[in-house]
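Here are a few notes to go with the model you asked about. Keep the picture open while you read.

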Amino acid sequence: MTGGQREEDGLEELVSVFVHELKTPIAAVQGLAATLSRSLDELDRETALQVAAALERSALHLGQLVRSFHAGLPLNPEPTDLAVLVRETVEELEPLLADRRVGLELEEGPPVSVDPVRVRQVLTNLLTNAVRYTPSGSPIDVTLRRAGETVELSVRDHGPGIPPEEVERAFDRYARLRPDGSGSGLGLYVSRELARAHGGDLVAGRTESAGALFVLQLPR
């Protein structure tokens, strides 16, 4: 392979990652804007203000995400309240979660030094995967807890799960686990890279019943 070909392949992969990671934030902004526009006459003032605030946060996050791609992988850590970040992310993604009920079990604690844009990016990927691979109406559980020197953010769905022999392959670049081969195969790969850039990891956990469980481990 020539140097020019390697450079072209690298650029193509970068564009693929960029497009994949922007799809959901853009769809979230569009969904919140549509909700606000369609239901403005029906919503009470407090609810309308909440939707508007979520829309503003989503647009801000989208801009931060674009800037982070421009800067490359280096992180910009800052003290972050992860419980607040999780709640806001779920609220902003509500138009995309369809009829999924998201259960939150969030242990409160002191701020953790992480890049909030990147952690939100990982959580967004995990939640959208949970929607993509599960039946309509099934719940999603999000848990935040402290475990020694580690903070664990877990997302569990109640779908068919991943066959044990396919678990590690799920994190491979361009891995597609859907029977129809759809999807980009980049979400889990990018998310694990971001977790490891923080000095943590993203792993697949075990569940007692059906469903997939992914755990983002971050140092405290």
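1. Start with strand 5 (residues 150-157) and strand 7 (residues 213-219), which pair in the antiparallel sense over seven bridges. Two strands pair if DSSP finds at least two bridges between them, and strands (E, at least two residues) and helices (H or I, at least four) are DSSP runs numbered from the N terminus. To find your way in, look for L153, whose bridge partner in strand 7 is L216.

2. A word on the source: this is a predicted model, where local features need pLDDT of at least 70, side-chain atom pairs count only at pLDDT 80 or more, and totals for chains, interfaces and linings use all residues. Residues are numbered from 1 along each chain as its sequence is written, and side-chain values use heavy atoms, with hydrogens and water left out.

3. Now zoom out: five strands make an open sheet, ordered 2-4-5-7-6, with mixed pairing. At the edges sit strand 2 (102-106) and strand 6 (201-204), each pairing on one side only.

4. Next, the helices. Helix 4 (residues 116-132) and helix 5 (residues 187-197) have axes that come within 9 Å and cross at roughly 150° (axes are lines fitted to C-alpha atoms, for helices over the stretch in contact; angles run from 0 to 180 degrees between N-to-C directions). Helix 4 and helix 5 are therefore roughly antiparallel (over 145 degrees).

5. Which residues of helix 4 meet helix 5? R118, Q121, V122, N125, L126 and N129 meet G187, L188, V190, S191 and L194 in helix 5 (contact means heavy atoms within 4.5 Å).

Conventions
Parallel < 35°, antiparallel > 145°, perpendicular 65-115°, else oblique.
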